[in-house]
Amino acid sequence: MPDDVMVRYERDGDVTMITLDRQPVNAYDGAFHAEFQGAWLRARDDDSRVVVMQANGKHFCVGANLRDPQPAPPGATILAAWDEIRLIQTVRKPTVAAVQGGCIGGGQRMVWPCDLVFCTDDAFFMDPTAQMGIGGIQSHLHTWFYGPRLAKEMIYSGMRLPAQRLYAMGQVNRLYPDTATLHRETLAFAHEVAKQDPAPLREAKYASDITMDIMGRHYVTSRMEELLDVMPPMKLHLPDDG
């Protein structure tokens, strides 16, 4: 596989592995999303039984590439943010996100649609967009997944929301001490799930997702475009990549 691949699609038996590999921080832009969405489209259509999404590097994803954004390749079709969420959400097999380090800004929308979320003990979620002059561009999604009070606390303050806090709330499934353990145990879990008959798993996922839509989740993506802020000039204070 070429070294300049940013998102790797691989198979490990009945498990599809999608790996963010734009090290060290996996920032996204048009070029990244072309590969990311392509990997999920392959995972949707392949004959695997479980999909694991993980990342190499210090952070799972630090959000948008604001230093040197690269456009999508000529002729590539990039899904809008709400359609990318819907793509991941509607893969008809179990999906697991393995998150280490920071999952920041729009990086969270890669994780939220997955069925299960496993994290390292030191993982955190964060949205500093209000501090950049944007009114919490993902905030309506935060409200659904974190609850309104915690979402507002994170957005207003720019705080790091620890995975440990989300684990206590049931929004993160498992915690592991380091990235190596996270990746090893997530893959082991995926292989255990893959041993089961895929039909009842598929129907169980469908029933759970329909229940969440009845509870209002579908409005988050169906009305996402109108909820996005008009983009003002951003006050950029870019952190070091390390």
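Which residues lie nearest the centre of the second largest pocket? Here is a short tour that starts there.

1. **Ground rules.** This is a predicted model, in which local features need pLDDT of at least 70, side-chain atom pairs count only at pLDDT 80 or more, and totals for chains, interfaces and linings use all residues. Residues are numbered from 1 along each chain as its sequence is written, and side-chain values use heavy atoms, with hydrogens and water left out.

2. **The second largest pocket.** Trp112, Cys114, Asp115, Leu116 and Asn173 lie nearest the centre of this pocket, out of 28 lining residues. Strand S4 (95-99), strand S6 (116-120), H4, helix H7 (179-194) and H8 each give two or more residues to the lining, and H8 brings the largest share, six residues. The volume is about 560 Å³. By type, the lining holds 19 nonpolar, five polar and four charged residues. (On a 1 Å grid over the protein atoms alone, a pocket is an open set of points with protein on both sides within 12 Å along at least five of seven lines, while a cavity is a set where a 1.4 Å probe fits but cannot get out; lining residues have an atom within 4 Å of a point. Points are joined across faces, edges and corners, and a volume is the space filled by probe spheres set on them. Helices (H or I, at least four residues) and strands (E, at least two) are DSSP runs, numbered from the N terminus. Ala, Val, Leu, Ile, Met, Phe, Trp, Tyr, Cys and Pro count as nonpolar, Asp, Glu, Lys and Arg as charged, and the others, Gly among them, as polar.)

3. **The cavity.** The count comes to one cavity of 30 Å³ or more. Its lining is made of Ile85, Gln89, Leu141, Phe145, Arg217, Val220 and Thr221. Helix H2 (81-89), helix H4 (139-146) and helix H9 (217-222) each supply at least two of the lining residues, with H9 giving the largest share, three.

4. **Helix H2.** Seven of the nine residues of H2 are buried, so this helix is largely enclosed by the rest of the structure. Arg86 and Asp83, three residues apart in H2, form a salt bridge with the closest N and O atoms 2.6 Å apart. Arg86 is partly exposed at 30%, and Asp83 is partly exposed at 29%.

5. **Other salt bridges.** The whole structure has 14 salt bridges (a side-chain nitrogen of Lys or Arg within 4 Å of a carboxyl oxygen of Asp or Glu). Lys195 pairs with Glu192, with closest N and O atoms 2.8 Å apart; Lys195 is exposed at 63%, and Glu192 is partly exposed at 47%.

6. **A loop worth a look.** Pro24 sits in the loop between strand S2 (15-20) and helix H1 (30-45), and the peptide bond to Pro24 from Gln23 is cis, with omega near 10 degrees. Asn26 lies in the loop between S2 and H1. The phi of Asn26 is positive, near 55 degrees, and Asn26 is buried at 0% relative accessible area.

Methods:
Buried < 20%, exposed > 50% of the residue type's maximum accessible area, 1.4 Å probe, protein only.
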